Amino acid sequence: MAQAAIELIGINKSFGAVRANRDINLEIARGTIHGIVGENGAGKSTLMSILYGFYQADSGEIHVGGKPASIKTPNDAIALGIGMVHQHFMLVDNFSVLENIILGAESDALLKSSIAKARSELDRLEREYGLEVDPDAIIEELPVGLQQRVEILKALYRGAEILILDEPTGVLTPAEADHLFRILKQLKEQGKTVVLITHKLREIMAITDNVSVMRQGTMVATRETSKTTVGELAELMVGRRVLLRVEKGEAEAGAVKLAVKNLTVKDSRGVTMVDDISFDLRAGEIVGIAGVAGNGQSELLEAISGIRHAVSGSVMLDGKPIDLTGAADPGELRDRGLAHVPEDRHHVGLVLAFEENENSILGYHDDPRYLKGPFLNVDAIMADAKDKIEKYDIRPGNPRLKTANFSGGNQQKIVLAREMEQDPGVLIVGQPTRGVDVGAIEFIHKRLIAMRDQGKAVLVVSVELDEIRSLSDRILVMFAGRIVGERGPEATEGELGLLMAGVERQEAAL
Amino acid sequence: MDVFIAIVQILDSTIRLSVPLLLACLAGLFSERSGIFDIGLEGKMLVGAFAGAAAASVFHSAFIGLGMAILISVAFAMVHGFASITHRGNQIVSGVAINFIAAGSTIILGQAWFQQGGRTPALQPGERFDAIVWPGAEAVRDVPIIGPIYAELISGHSLLVYLAFLMVPFTWWVLFRTRFGLRLRAVGENPAAVDTAGISVAWLRYRALICTGILTGVAGAYLSMVQNGGFVKDMTAGKGYIALAALIFAKWKPVNAMFACLLFGFLDAAAIRLQGSPLPIIGKVPVQFMQALPYILTVILLAGFIGKAIPPRAGGVPYVKER
Ligand SMILES: Nc1ncnc2c1ncn2[C@@H]1O[C@H](COP(=O)(O)OP(=O)(O)O)[C@@H](O)[C@H]1O
Ligand SMILES: [Mg+2]
């Protein structure tokens with residue numbers, strides 16, 4: 001094997017209570033393209049930001065070119081020939097390309113000579129790598145593909161020998177991505193080392209020499225790309241979790257409660273996240289949406305629950321349309337019997353600074369049950385909160401406690417209790433058991449199935465395959481914003497894994 | 001000819017009145033361009049004015065006064081930096097606190113040191129910055145048109161007035177032609193870009209605040225050592241806030257800032273000049289209205305008559321990379 005360009009030894013990094021990287025070891029051979037895959041939140045960006053000196057590891061060592069290196073700031077990394085193209089571009093939007101390129105790498109105190117030098121150097125890089133870009137263009141007027149090119153040029157301008165790219169293709173069209181890959185191959189031919197982070201397995205197979213898989217902050221495996229398969233990588237990425245299967249009977253699907261038709265959603269950058277999706281959700285069934293995180297599930301959920309603007313399509317709740325301008329009145333949707341347990345409970349589902357009892361009625365606080373004239377009926381609210389605490393086994397069982405002081409799993413139960421106890425006709429749940437311990441998972445699954453048995457329509461979005469398989473009566477798999485397949489609950493993990501990796505779609509396209 | 005002389009006189013006082021605004025406005029420009037909102041321009045000017053007048057009268061030197069004004073004002077700017085850069089505090093709260101401390105401490109110290117009800121002793125010649133009369137100013141005074149313009153408008157101002165106007169092209173040059181300026185503008189737009197480029201965000205912002213402190217110090221010195229022969233309590237009288245309005249009006253650009261400050265200075269000058277005298281058609285305008293005019297205009301301008309004013313994008317937000 002070639003000499004290691006980079007060696008990471010025992011890297012640990014926590015953000016508050018989140019352990020983003022645990023004891024990571026990684027070796028990257030010089031002159032190769034090394035892929036790092038993993039779901040969103042697996043800790044890929046954190047690891048690379050540590051290598052780039054943007055974050056400081058809590059413990060661990062970094063060796064560059066065989067020698068121990070102390071990388072405390074990006075400056076140290078740049079001096080060692082490490083360049084990084086961040087997931088969220090680090091560009092000054094209203095600066096020109098040239099200004100962005102020289103920022104931090106100016107040759108002296110006045111700009112004139114730096115700019116002249118950068119202009120000629122840019123010319124050379126352009127010719128050498130086919131990285132064309134107008135040096136005087138303003139960043140915000142450039143399409144994302146070109147902005148990314150500026151980021152690459154920035155790294156090369158600083159003499160990067162090791163180039164890290166963090167999810168570079170997330171914002172690119174397939175044609176732009178292909179061009180990027182040609183550039184990366186060319187860099188490799190010139191002896192540079194490339195680290196490519198992505199969660200798209202197709203890209204890994206197409207371009208990398210080696211691939212490492214991360215899951216929940218740990219490095220689970222490193223493989224030679226030629227000796228692994230998409231299926232194996234998908235399985236490593238998602239991981240198996242021992243999960244007790246909850247017994248459930250046959251579904252008795254009834255009338256259509258929620259009808260999604262040709263729904264298309266774009267994100268703020270104009271990238272299509274949900275691409276022409278249609279499906280029905282019936283009373284008395286649980287439909288699960290599976291997929292690797294970041295394939296449009298979050299946007300789909302937000303559009304259905306009326307908090308994100310949809311470009312086109314319609315969503316009918318009990319035959320009547322939902323406002324898809326992104327400005328739907330959530331109170332009205334609740335009145336119509338749509339309850340929503342958001343994926344991101346910290347930001348959307350709870351006010352962490354509130355007491356538990358306040359959060360347990362949040363959004364339903366105008367309900368006459370909780371009111372005494374124009375005032376909140378504190379006694380009724382407390383009684384209601386205690387009732388939910390008992391029923392959902394929320395611990396500690398103190399409705400006066402600040403919500404921030406509950407563990408993640410119990411916070412999730414607070415939200416679930418609030419939404420489920422309103423007896424909605426349709427329940428939409430994002431990541432029902434993210435961060436929840438195993439005991440609570442089983443409990444939450446039981447409640448969801450009980451809701452179904454009472455004839456409610458339940459839509460579950462989860463990145464946990466086991467959860468989808470154990471809950472769902474029908475499984476829809478999302479990939480790149482589309483539903484790429486529908487399966488029954490008997491579908492195997494391997495089969496779903498391939499669908500999630502977009503393999504079937506790709507084969508169909510060939 | 002009377003009208004012409006009157007106009008020249010109004011313009012002359014326009015220049016005098018706009019100088020403290022201009023210095024404060026450029027001061028604010030440095031900090032806001034670096035992403036730190038500074039509502040404490042007012043307070044820094046006030047401590048500068050006090051320190052300048054106090055030191056000048058004790059040491060009998062205008063330049064020691066100016067130096068002291070700058071020193072103390074920079075010290076206050078560093079307090080703002082410590083709260084809002086190092087400790088990532090709320091920039092508005094920190095700025096307001098500085099204004100209160102300035103208002104209170106100048107009165108208390110003034111009374112304790114000089115026992116004149118919060119004033120500093122009247123400055124003697126040599127302790128003030130006196131008017132510099134340009135060569136030939138008196139000789140050409142009677143030449144029509146050019147004479148009064150040269151003698152009144154161009155000649156006969158103090159050193160600090162010329163300094164203030166020279167600061168305009170200088171600020172522009174620093175901002176758009178130097179490495180420091182490039183980084184300063186960048187850190188106000190996207191501090192993460194600066195950080196990943198290997199530059200310290202905190203140190204850069206501290207340096208911007210030092211520039212702010214120097215300029216507010218000069219502005220304060222101008223108030224107590226040029227416009228007025230000594231310090232009077234609360235003598236900034238809201239100029240720091242008007243300067244902030246001018247900064248927005250100027251869309252954070254130095255040359256625009258000069259014109260905005262001249263406009264506000266002109267309104268002020270016109271208000272003083274026209275007090276009590278009847279205007280054609282409208283008749284006699286109440287004094288209070290004339291005095292309120294600059295503020296009314298500020299509100300109208302800020303309410304959107306200047307097109308979209310986009311502040312530096314990272315303005316007001318502490319830079320935190322680990323949540
Ligand atoms: N700056 C930060 N502050 C706090 N938590 C963070 C920060 N960056 C990442 N995290 C957390 O660390 C974990 C790993 O995140 P990240 O490295 O971005 O994952 P990936 O790039 O694989 O999607 C996540 O739980 C995320 O919420
Ligand atoms: Mg990432």
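Helices here are DSSP runs of at least four residues, and strands are runs of at least two. With that in hand, welcome to a predicted model, shown in a few close-up views.

View 1. Residues 41-59 of chain B are 100% helix and 0% strand, and their end C-alpha atoms lie 26 Å apart. Residues 92-114 of chain B are also 100% helix and 0% strand, with end C-alpha atoms 33 Å apart.

**View 2. A positive phi at His60(B).** Look at the loop between helix H2 (41-59) and helix H3 (62-86) of chain B, and you will find His60(B). Its phi is about 55°, a positive value although this residue is not a glycine. Most residues other than glycine have a negative phi. His60(B) is exposed, with a relative accessible area of 55%.

**View 3. Ligand 1 between two chains.** Ligand 1 sits between chains A and B, with 15 residues around it. The closest of these are Gly41(A), Lys44(A), Ser45(A), Thr46(A) and Lys321(B). By type, the shell splits into five nonpolar, five polar and five charged residues. Helix H1(A) gives the largest share, three residues, while strand E2 (18-29) and helix H1 (44-51) of chain A each supply at least two.

**View 4. Backbone atoms beside the oxygens of ligand 1.** A polar backbone atom of Lys44(A) is 2.8 Å from an oxygen atom of ligand 1. For Gly43(A), a polar backbone atom is 2.9 Å from an oxygen atom of the ligand. At Ala42(A), a backbone N or O atom lies 3.2 Å from a ligand oxygen. On its own, ligand 1 has 550 Å² of accessible area, and the protein covers 80% of that.

**View 5. Strand E16 of chain A and its partner.** E16(A) runs parallel to strand E19 (residues 426-430) of chain A, and four bridges join the two. Within E19(A), Val429(A) is the bridge partner of Val341(A).

**View 6. Two backbone details in chain A.** Arg395(A) and Pro396(A) are joined by a cis peptide bond, with omega about -5°. Pro396(A) belongs to the loop between helix H13 (378-392) and helix H14 (408-420) of chain A. Elsewhere, in strand E11 (residues 256-266) of chain A, Asn262(A) has a positive phi near 45°. Asn262(A) is partly exposed, with a relative accessible area of 38%.

Terms used:
Residues numbered from 1 in each chain as written. Chains lettered and ligands numbered in written order. Predicted model: local features only at pLDDT ≥ 70, side-chain atom pairs only at ≥ 80, totals over all residues. Heavy atoms only, no water. Near = heavy atom within 4 Å. Polar contact = N/O pair within 3.5 Å; in protein donor to acceptor, adjacent residues only side chain to side chain. Areas by Shrake-Rupley, 256 points an atom, 1.4 Å probe, with all protein chains shown as cover. Nonpolar A, V, L, I, M, F, W, Y, C, P; charged D, E, K, R; others polar. Pairing = 2+ DSSP bridges. Buried < 20%, exposed > 50% of the residue type's maximum accessible area, 1.4 Å probe, protein only.
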